[in-house]
There are 4 protein chains.
Amino acid sequence: MPEPADLTAVEDVLRGQRIETPSWAYANSGTRFKVFAQPGVPRTVREKLDDAARVHRHTGVAPLVALHIPWDRVEGGAEGWARLAAYAREQGVRLGTVNANVFQDDAYRLGSVTNPDPAVRRKALDHLRECVEIMDATGSRDLKLWFADGTNYPGQDSLRARQDRLAEALTEVYERLGTGQRLILEYKLFEPAFYATDVPDWGTAYAHCLRLGDRAQVCVDTGHHAPGTNIEFIVAFLLREGKLGAFDFNSRFYADDDLMAGAADPFQLFRILYEVRAGGGLAPDAGIAFMLDQCHNIEPKIPAVIRSVMSVQEATAKALLVDTEALAKAQREGDVLGANEVLMDAYHTDVRPLLARLRESLGADGDPLAAYRASGWAERIVAERVGGEQAGWGA
Amino acid sequence: MPEPADLTAVEDVLRGQRIETPSWAYANSGTRFKVFAQPGVPRTVREKLDDAARVHRHTGVAPLVALHIPWDRVEGGAEGWARLAAYAREQGVRLGTVNANVFQDDAYRLGSVTNPDPAVRRKALDHLRECVEIMDATGSRDLKLWFADGTNYPGQDSLRARQDRLAEALTEVYERLGTGQRLILEYKLFEPAFYATDVPDWGTAYAHCLRLGDRAQVCVDTGHHAPGTNIEFIVAFLLREGKLGAFDFNSRFYADDDLMAGAADPFQLFRILYEVRAGGGLAPDAGIAFMLDQCHNIEPKIPAVIRSVMSVQEATAKALLVDTEALAKAQREGDVLGANEVLMDAYHTDVRPLLARLRESLGADGDPLAAYRASGWAERIVAERVGGEQAGWGA
Amino acid sequence: MPEPADLTAVEDVLRGQRIETPSWAYANSGTRFKVFAQPGVPRTVREKLDDAARVHRHTGVAPLVALHIPWDRVEGGAEGWARLAAYAREQGVRLGTVNANVFQDDAYRLGSVTNPDPAVRRKALDHLRECVEIMDATGSRDLKLWFADGTNYPGQDSLRARQDRLAEALTEVYERLGTGQRLILEYKLFEPAFYATDVPDWGTAYAHCLRLGDRAQVCVDTGHHAPGTNIEFIVAFLLREGKLGAFDFNSRFYADDDLMAGAADPFQLFRILYEVRAGGGLAPDAGIAFMLDQCHNIEPKIPAVIRSVMSVQEATAKALLVDTEALAKAQREGDVLGANEVLMDAYHTDVRPLLARLRESLGADGDPLAAYRASGWAERIVAERVGGEQAGWGA
Amino acid sequence: MPEPADLTAVEDVLRGQRIETPSWAYANSGTRFKVFAQPGVPRTVREKLDDAARVHRHTGVAPLVALHIPWDRVEGGAEGWARLAAYAREQGVRLGTVNANVFQDDAYRLGSVTNPDPAVRRKALDHLRECVEIMDATGSRDLKLWFADGTNYPGQDSLRARQDRLAEALTEVYERLGTGQRLILEYKLFEPAFYATDVPDWGTAYAHCLRLGDRAQVCVDTGHHAPGTNIEFIVAFLLREGKLGAFDFNSRFYADDDLMAGAADPFQLFRILYEVRAGGGLAPDAGIAFMLDQCHNIEPKIPAVIRSVMSVQEATAKALLVDTEALAKAQREGDVLGANEVLMDAYHTDVRPLLARLRESLGADGDPLAAYRASGWAERIVAERVGGEQAGWGA
């Protein structure tokens, strides 16, 4: 463990870290086989914000809530959004990234902005423009774009023409952005497109963002890579290029499983956070959004989000404990084992006491999960949220 | 191409091949992101049989229709099933494999026959027993079991205890089977369980079937393997052990994508069929069920099934064209390139004229897709199947 | 099959295609477990050219031979190279791409141009500069760079610093290039680096080439991707960006197996060539080098190269047979099955007769493998190439 | 952390654990691209034993050394082996598992025991019988069989015939075994065979061992699986079937990378050891050999082995710290998050102080790597091992 003076610096960074939780993590979700409904699940966006506020109360570092349009759309236009933002503030949280959804309308069967039909492309683009309007109203910085677009069969559509259409759509959205707003482009290897995905990897997202300009940035979703991909390399590369805009944290064992961050490979999460640190991404002005993007299909949702926030924090804390001087020295000297040992030493450290102390200094409980259990919130929402329609993935 | 005399033998085998189509392939389906509804989709099991009958009419080799319980459940107990079987016969098809479904009830959130709760296990077992009852009524030979059972997080449940529960359940079902009935156990690497699946690979299915007895056999679903798996090796191995009971044909590029058979890797499908041939699996009494198990999410369903049946046929025809004497000679002599060339020679042959001729000899059209398009069936079902509720994956 | 008039156009393109074979494919090679020596293997670069000339004689489309430095280094500086080039011409072939080798010296244990030690980086750069000198002498257009650089353990070296060093090295080499010379950067997912590779994917190669300038282009080695990667998408994307410089053709079932092109997934090879055609890459001035990069560990080398050249040709021929008008129409209409069918129709066509005719028109035999066997060359080299040291992968 | 009384039980198990190190880990090794020679590497099997003895001295739990025949063959027949065993004992270690090698002779180009040529099969079998003879002389319990056998191209040989030949060979070896001797069959997905491997997965190894009898057991090499494979599931399954005989520990990021155990995914190693514990595999009479099987290509070998032994110990210690009562309770109650938390709680514990104490109680230093560095052994072998031929992978 570092000296106490250094520990203060570590704690300062951890105190400043902001982890954004997604509104849809609080709603019902499932696989194509079955959505298992859970009691107490929110029925409105305000109830989602209530749940997110609990996560922030118990962790102290999760004040931002990402929205999904149209799932979280409210009535009343700009005024309606202002009221929602005020409601969020009253609960102690803020509205965050706006996520567009151009994959759940029958029109999008063959794609949205890359659809061969110009009318469908127009429809999709109008939705994206509406999302920027919402950002104007909510004061959100980031528009996150993930496209389900792609093809299932070789020949189904022209791979190249779809890139042309994609570039055209991105340009129109980018030009619509206001000052201080960003376009965050997410990539994903496969699903729901099964043969070719239009933004399948970081290279594709990077190339498009490069052409768009400085305010177009790449989102790394930790679950969206082929087996064997070194994700921390991508993180380091994008940071070096100034093109890392956001993370979607979650875990996968095989494909895009959307399990809790840190659940499948905590060592990988640590290595990713170490590269974020090494590339300056933990600095307050680095502009990297640390989001969760997860679905809790079989486990209770609020404690699963709390657990995930804690896991990102634990990985960050360990990354901050790496003795960078010793590491640089071993690397310079070609000391393979020594350099690896410096990294592993930080990883093997049990940072839970440090984080418990940190939470207490933020006015939260040292053990967020125990505090949540003791709070009675779980029982309360089961009792109160009766009637109405539960929000679901897509609802 | 072989001599005409040999061609007759090839055509005889092809004429005797039976490809079973799944009732759910005719219904709506989708990914966890969206089910795109299609006009004209069946609303009842009878309408599914109507569609399957069209596939058989145009291909001449698809007289069997696999059922899924409870999706295809009918009223009236044994009598109701007898009426359904009679209806099928009138359309020129027969009821085939019964597929159990123990994954779409809220009770199965943590598993069915491997659930830690004995009451849930009982419920699942009762369903499996009901499926055997249905087989008694329909005269179906095979009960196909696929379990969505598994866990999403390390520690969630005891991997070993779940195997004990699985073995117990399989034993009870096996003992319930009547004479001439078989239990077909399917394996799948992942999804919907994301950390550990209870029957994840052929080894697990094989080990359980071995303990059960001769009438327990393994089903190879071509989409259910890890990347890099040599599926034809598994086919050859199971045939050698007398444990290959059935295929679920479909295609995948990345995961269990459920695309049309032969769409992703027609060479692999050919190699699989070659091993079936080499292991004696094309013989009429080999007892191997050649089923499709696919979902047509964005393409029209009936022609997609026709295309898949044709692809399995094409792979079979090419497998039959392999000059086994020349192959054995090259193999014996260690002639790596020569042996490979013999195989590739058959693969590169265009078997479409041969199959067109075969279909005509069976009273069907040489070009099934053109004949289907010309038949007006697609337009008719769109016009007639109005009102009611479309069948969907899970409905 | 298209009309005869169109066939002429198809044959014209095929007649103009040039496939480059690698000098090391004629030498002994193996896995880390064992190199199985074969009789008759070349002992000198001239003997490698002799073998390459046989491949060209029998196929008519393989006049270029890629060199590997230092494996193929000759005495006598520029004059020595001129003599070698003259020797090649006398055999009917030409010296092609120069491949640098900065991975087989003890100094490169921790990397070459990305090594933490500046002295090692200098040594590697000097080798790369020497390769450009050789290109000046041989008249080769392309310098192909593949780096074995990377790390085996997390922390071993700074991922970011290695990119800085890589960029610096590439810039120095790029600036050294003469008019008409190109730098071709190859990427590879893993091996021999096992944790992080410094140029692991097309995105990394693309980003570096973009900064370097127009004469820096990406090489797609078909064996160098993670499972599930859609290679033809990458091909289409790079062509659209004007950044596809070369192919290294070979086959893999699992990793970089270096099997004969088309041996593992001929349908994939067809799809790749189709995207090349669709992106204009078959045009004579497109500047794409169609190279083989293979090792023939257990099969005889010359016929294996002939077989691979034929497979690339077959894939190209099928790609050229795709009815692009019908395809575009089906794509425009959103006819998923129809569009796929157009592609598959070309793929299923047996193009061997067409190619046999083409070869005869080029003065070669219609059946190159039979002609090679009949030529007695295999027996002759076994008899003549006695004594001396056989060339091997690395020798 | 558990109560002190429980800690004693934990320490007792750890004190009894035996980790076997492979003689070849001390020798030079590399990839197919390059073997980087290191100074001080052993030139004889005795020098390998010397190095292994250092590992045992510093860790206290590595008294067994696995041999590889013919790499470690000694002169003098049974007497020679007896002398070697005595030499080992003098250094404080014992001769362990005998590893057969039937992949490095030119005869084995197309396989060893599955070769189409009966003469080659005979030669391979004679080697395997010789290995049992050596076991008779050394008193080794286990014969470990890994076959490089397989094919590179579809059609190259009959997949089925190769299984027949494999079964025949295994039977002959099994029948040759003496009382108390075991046959341990290792599987591997790919490499050096690139199309089909004859023992590619645990199912194949299991099926063969089942037919052979009780003394045939499966070896799980942690690097030999397809991406996405759940290794701890296999471990749990084989233990339940009484068929887990040994581990080959090492790490891989993508393929069979042979990195230090625990280097790529320490959480996976922990999960594996937890299943070993849960299945009774840590009991002294469980008969499971905990071997390392690694190659240290770029890092110094002895400290890399020490680090690996420590990593296996750390994973074992964490596995022993799992509160099994709390875990069983949470599992029974279907408490997904609670059960996962019990497991993670043990994983996050820093067990290094506990293991330091344990080593001291065994008479070793608490920090083995520091003690090794301080011992001067590294400098001594560099100075003394001059001249002669260094042992290498294959030498």
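A salt bridge is here a side-chain nitrogen of Lys or Arg within 4 Å of a carboxyl oxygen of Asp or Glu. The structure is a predicted model, in which local features need pLDDT of at least 70 and side-chain atom pairs count only at pLDDT 80 or more, while totals for chains, interfaces and linings use all residues. Residues are numbered from 1 along each chain as its sequence is written, chains are lettered from A in the order in which they are written, and side-chain values use heavy atoms, without hydrogens and water.

**Exercise 1. Describe the interface of chain B and chain A.**

Step 1, extent. With contact taken as heavy atoms within 4.5 Å, 43 residues of chain B and 44 residues of chain A take part. Buried area is the accessible area (1.4 Å probe) that two parts lose on being put together, summed over both. Between chain B and chain A this area is about 4,100 Å², with 63% of it on carbon and sulfur atoms. On the side of chain B, the residues that lose the most area to chain A are Arg32(B), Phe33(B) and Tyr254(B), which together give 22% of what that side buries.

Step 2, charged pairs. The rule finds seven salt bridges across the interface of chain B and chain A. A salt bridge joins Lys34(B) to Asp106(A), at 3.5 Å from N to O. Arg32(B) belongs to a network of salt bridges together with Lys188(A), Glu191(A), Asp256(A) and Asp258(A).

Step 3, polar pairs. A polar contact is a pair of N or O atoms within 3.5 Å; within protein, one must be able to donate a hydrogen and the other to accept it, and residues adjacent in sequence count only if both atoms are side-chain atoms. Between chain B and chain A, 16 residue pairs are in polar contact, both residues at pLDDT 80 or more.

Step 4, composition. The classes are nonpolar (Ala, Val, Leu, Ile, Met, Phe, Trp, Tyr, Cys and Pro), charged (Asp, Glu, Lys and Arg) and polar (the others, Gly among them). The side of chain B that touches chain A has 24 nonpolar, seven polar and twelve charged residues.

**Exercise 2. Describe the interface of chain B and chain C, and the symmetry that relates these chains.**

Step 1, extent. Here 30 residues of chain B are in contact with 30 residues of chain C. The buried area is about 2,300 Å², and carbon and sulfur atoms give 60% of it. In chain B, Leu337(B), His348(B) and Arg352(B) lose the most area to chain C, together 26% of what that side buries.

Step 2, pairs. There are four salt bridges between chain B and chain C. In one salt bridge, the side chain of Glu341(B) meets that of Arg307(C) at 2.6 Å, N to O.

Step 3, elements. Helices (H or I, at least four residues) and strands (E, at least two) are DSSP runs, numbered from the N terminus. Helix H8 (266-278), helix H9 (301-321) and helix H11 (336-348) of chain B each supply at least two residues of the side that touches chain C. H11(B) gives the most to that side, with seven residues. By class, the side of chain B that touches chain C has 16 nonpolar, four polar and ten charged residues.

Step 4, symmetry. Copies are superposed by least squares on the C-alpha atoms of residues with pLDDT of at least 70 in both. A rotation of 180° with 0.0 Å of shift along its axis superposes chain B on chain C, with an RMSD of 0.0 Å. This is the relation of a two-fold axis. The C-alpha of chain B nearest the axis is that of Asp350(B), at 2.8 Å from it. Of the interface residues of chain B, 100% are also interface residues in chain C, so the copies meet through the same surface.
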